[in-house]
Amino acid sequence: MYFDAAEAVFNAVTKAIISGAPPGSGFGGHYGSNMGLLMTGSTAAPPSGPRRNAGDGVAERLAAATQSIPVVLEDPTGSGRKLFVAPMLALGGFGASAEGDGENFVSMSQQNLMDMSIESIEEDHPIVVLRKEFVADTAGPGAHRGGAGVVYDRMLVGDADVYPMLLHLRILPWGADGGVAGRPGGAWIGEPDGGSDAARWLHSSDEDVRPLGGYFTDSGAAAAPYEGRWHSGNADIAATPGTLLRVRTPGAGGWGAAFTRDPEAVLRDVRDGFVTQDGARVDYGVVILGDVDEGPDELTVDREATEALRGDAARRGPTTGDGS
């Protein structure tokens, strides 16, 4: 309830007052930034950074005050091992509005969430962060698009108990004023096989790991609510070294009809990796020419093909905002 109440206050204040948007203007829905994994366990490795050499009780008070700071403590039983508590939270994008595109990455300070640096996480915990990046074609399409989804791949290099907190996956972040909802997120788990797990996970797709929380197709890909099979994902996990935990936030909702988006803005999104060339054509009716991998600066908009594609969509009548 705390997270939902804080988010409601944030929406009312930030969206309606601080943004300066017209009173009647809608905002695309955003991902409530409170999905994560609480990892606990012990490690024989001592802290390598001086910032952890605090007095007794300091780490505990810090954790209680912030609710999101990874903490390393001495084992009170005198084993000489270090006990760790690592809240691995997932922060995502923000909804679009009449004023512009949604932010791609937002840390909700009113929810006491801190996005810890990868270096500090790996320094003090038996966790390797393999991936933390935006996911193409996850932002809700619109005249102004929503923020993109973010994927986090974290691999354990030691034993740990994992307590998933997978929220806000039953309802997609909505679109506003003709915009389209953000694309679904989810959580997956990959079990080690005794080989080179890091190399294996670096090249893995969602179909190569097991669904943990969210809606999924039969192949294991994230699905829109009620279009796939639901996995609650809230059971505790006794994880072993090499276990991969993947969390992907949903994209945020768009604002306005996607087929009216400025083609140059779509071109910029393709160049920056937020939208693929296929996504540009399907979601925005924009045809992009060139090879994004070999020459991103040489990409161009095919104006004639774009006008024809959008014209065909207009002649088909009202759409859902993505040309379908």
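1. Tyrosine 226 is found in the loop between E8 and strand E9 (229-231), and in this predicted model tyrosine 226 has a positive phi of about 70° although it is not a glycine. With a relative accessible area of 63%, tyrosine 226 is exposed.

2. A pair of aromatic rings is described by the distance of the centres and the angle of the planes. By this rule the count for the protein comes to four aromatic pairs. One of them is formed by phenylalanine 134 and phenylalanine 274, whose rings are 5.3 Å apart centre to centre with 55° between the planes, a tilted arrangement. This pair links distant parts of the chain, with phenylalanine 134 in strand E4 (residues 127-135) and phenylalanine 274 in the loop between helix H5 (263-272) and helix H6 (277-284), 140 residues apart. Phenylalanine 134 is partly exposed at a relative accessible area of 36%, whereas phenylalanine 274 is buried at 12%.

3. For tyrosine 215 and tryptophan 230, the ring centres are 4.9 Å apart and the planes stand at 55°, so this pair is tilted. Because tyrosine 215 lies in strand E8 and tryptophan 230 in strand E9, the pair ties together parts that are 15 residues apart in sequence. Tyrosine 215 counts as buried, at 4% relative accessibility, while tryptophan 230 counts as partly exposed, at 27%. The ring of tryptophan 230 also has the charged end of arginine 170 over it, 3.9 Å from its centre.

4. The salt bridge between arginine 303 and glutamate 264 has its closest N and O atoms 2.5 Å apart. Arginine 303 lies in helix H7 (residues 303-315) and glutamate 264 in helix H5, so this pair ties together parts that are 39 residues apart in sequence. Here the two residues are partly exposed, arginine 303 at 42% relative accessibility and glutamate 264 with a relative accessible area of 37%.

5. The structure holds 14 salt bridges, and a network of such bridges links Arg131, Glu133, Asp153, Asp206, Arg246 and Arg248. Within this group, arginine 131 forms a salt bridge with glutamate 133, the closest N and O atoms being 3.4 Å apart. Arginine 131 counts as partly exposed at 25% relative accessibility, as does glutamate 133 at 38%.

6. Aspartate 206, another member of the network, is placed in the loop between helix H4 (197-202) and strand E8 (210-216). Its relative accessibility is 13%, so aspartate 206 counts as buried, the limit for that class being under 20%. The side chain of aspartate 206 makes polar contacts with the side chain of arginine 246 at 3.1 Å and with the side chain of arginine 248 at 2.6 Å. Apart from neighbours within four places in sequence, aspartate 206 is in contact with Trp188, Gly220, Arg246 and Arg248.

7. Aspartate 177 may be checked in the model for its backbone. Aspartate 177 has a positive phi of about 50° although it is not a glycine, and this residue lies in the loop between strand E6 (160-165) and strand E7 (186-190). At 48% relative accessibility, aspartate 177 counts as partly exposed.

8. As for the protein as a whole, it has seven helices and 13 strands, and 51% of its 324 residues count as buried. Among contacts with a separation of 6 or more, 72% are between residues 24 or more positions apart. The accessible surface comes to about 15000 Å², and carbon and sulfur atoms account for 55% of it.

Terms used
Residues are numbered from 1 along each chain as its sequence is written. This is a predicted model: local features need pLDDT of at least 70, side-chain atom pairs count only at pLDDT 80 or more; totals for chains, interfaces and linings use all residues. Side-chain values use heavy atoms; hydrogens and water are left out. Helices (H or I, at least four residues) and strands (E, at least two) are DSSP runs, numbered from the N terminus. Buried means under 20% relative accessible area, exposed over 50%, partly exposed in between (1.4 Å probe, protein chains only). A polar contact is a pair of N or O atoms within 3.5 Å; within protein, one must be able to donate a hydrogen and the other to accept it, and residues adjacent in sequence count only if both atoms are side-chain atoms. Contact means heavy atoms within 4.5 Å. Accessible areas come from the Shrake-Rupley method with a 1.4 Å probe; for residues, only the protein chains shown count as cover. Rings of Phe, Tyr and Trp (its six-membered ring) pair if their centres lie within 6.5 Å; planes under 30 degrees apart count as stacked, over 60 as edge-to-face and the rest as tilted. A charge sits over a ring if NZ of Lys or CZ of Arg is within 6 Å of the ring centre and within 35 degrees of the ring normal. A salt bridge is a side-chain nitrogen of Lys or Arg within 4 Å of a carboxyl oxygen of Asp or Glu.
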